[in-house]
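Hi,

Here is the structure I promised to pass on. My notes follow below it.

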Amino acid sequence: MKTSRRTFVKSGAMAALGTALIPSTLLAPAKAKGIVGLQLYSVREDMLKDPVATLTRLAKMSYVYVEHANYIDRKFYGYKAPEFRKILDGLGLKMISGHTVMGKQHWDEAKNDFSDSWKLTIEDAAVLGQKYVISPSMDSSMRSNYDDFIRLMGIFNKCGELCQKHGMKFGYHNHDFEFSEMLNGEKLFDIMMKKMDPKKVVVQLDIGNLYNGGAIALDVVNQYPGRFENVHVKDEIKATTGNEKYESTILGEGIVNTQKVLETLSKIGGTTCYIIEQESYQGKSPFDCVRTDLDIMKKWGY
């Protein structure tokens, strides 16, 4: 049917009027699913060689949030907390999270309190502007006895309280043994989920690591809805070298069904922080991998 110019103008005017009547909140862009960052272990060799140049390259890729994996003698990649914070600020980067192992030496049984070194670790993390202090993994001696393991969970809860005093959250990051090892007939991960207070301890679910422990990411997310505020985003393929069955790869190219897992996390997981990590590269450069991973996350709407 032929439409006259007059009719077109009239209908266009009505459409504009209709748009004007729609509340601005309905016209606003969709709310972001959360923040996306990068675990710097993904580019670990470059970070050790030249942290500033590496961070500069990441910032140019449009990364904003990063998570560290190097804190030695109160220094991050060789820099004291105020110095490293200045570098990050200058590049427009934010250290949203950090990996620092909390070991036996950080709890004084006699004093029933954390060691001075651990208290300083928390203080340095606060100077860096972290929101999360994450302990990645634990020594085997800390998980060999059920009663000791339960006491450790209590210490984790106390650490959550300590971090809250500094405006941060304490968390634990899984590898594979949490799903393959058992105490009193129960998987370590299930014990942890029962004993760690969700108001005090964040579970940073690594959706790739758990495959080497025999678990499936989607099943774990569905089993514990609302418990995964901060996650490590990965995909996995069968490993060609090393002792593990699976190794990480470009997002969307492996067995994890990463996009579906992330969609489920965004719906029921309580997830607000998505940290990309790729540790194996299948012949590609680490920088090319993390650039591709970020592009894929954007394509998926993150």
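Which elements do the buried residues of helix 12 pack against? They pack against strand 1 (35–39), helix 3 (44–49), helix 4 (51–60), strand 14, helix 11 and strand 17. Contact here means heavy atoms within 4.5 Å. Buried means under 20% relative accessible area, with a 1.4 Å probe and protein chains only. Helices (H or I, at least four residues) and strands (E, at least two) are DSSP runs, numbered from the N terminus.

Some ground rules. This is a predicted model, where local features need pLDDT of at least 70 and side-chain atom pairs count only at pLDDT 80 or more, while totals for chains, interfaces and linings use all residues. Residues are numbered from 1 along each chain as its sequence is written, and side-chain values use heavy atoms, with hydrogens and water left out.

**The barrel**

Eight strands form a closed barrel with parallel pairing, in the order 1-2-6-9-10-13-14-17. The twist averages 30° from one strand to the next, with axes as lines fitted to C-alpha atoms and angles running from 0 to 180 degrees between N-to-C directions. Two strands pair if DSSP finds at least two bridges between them. Strand 13 (residues 201–206) and strand 14 (residues 230–233) pair in the parallel sense over two bridges. Leu 205 stands opposite Val 231 in strand 14.

**Helix 12**

Helix 12 has 14 residues and reaches 20 Å from first C-alpha to last, close to the 20 Å expected. The expected span is 1.5 Å times one less than the number of residues. Its buried residues include Phe 287, Val 290, Leu 294 and Met 297. Gly 301 follows helix 12 and has a positive phi, near 95°.

**Helix 11**

Thr 258, Val 261, Leu 262, Thr 264, Leu 265 and Gly 269 are its buried residues. They fall within an arc of 160° seen down the helix axis, so they line one face of helix 11. The arc is taken from the directions from the helix axis to the C-beta atoms.

**Ser 42**

Ser 42 sits in the loop between strand 1 and helix 3. It counts as buried because its relative accessibility is 0%. A polar atom of its side chain lies 2.9 Å from the backbone oxygen of Gln 39. Another backbone atom, the nitrogen of Gln 278, lies 3.1 Å from a polar atom of the Ser 42 side chain.

Best wishes

Conventions
Buried < 20%, exposed > 50% of the residue type's maximum accessible area, 1.4 Å probe, protein only. Polar contact = N/O pair within 3.5 Å; in protein donor to acceptor, adjacent residues only side chain to side chain.
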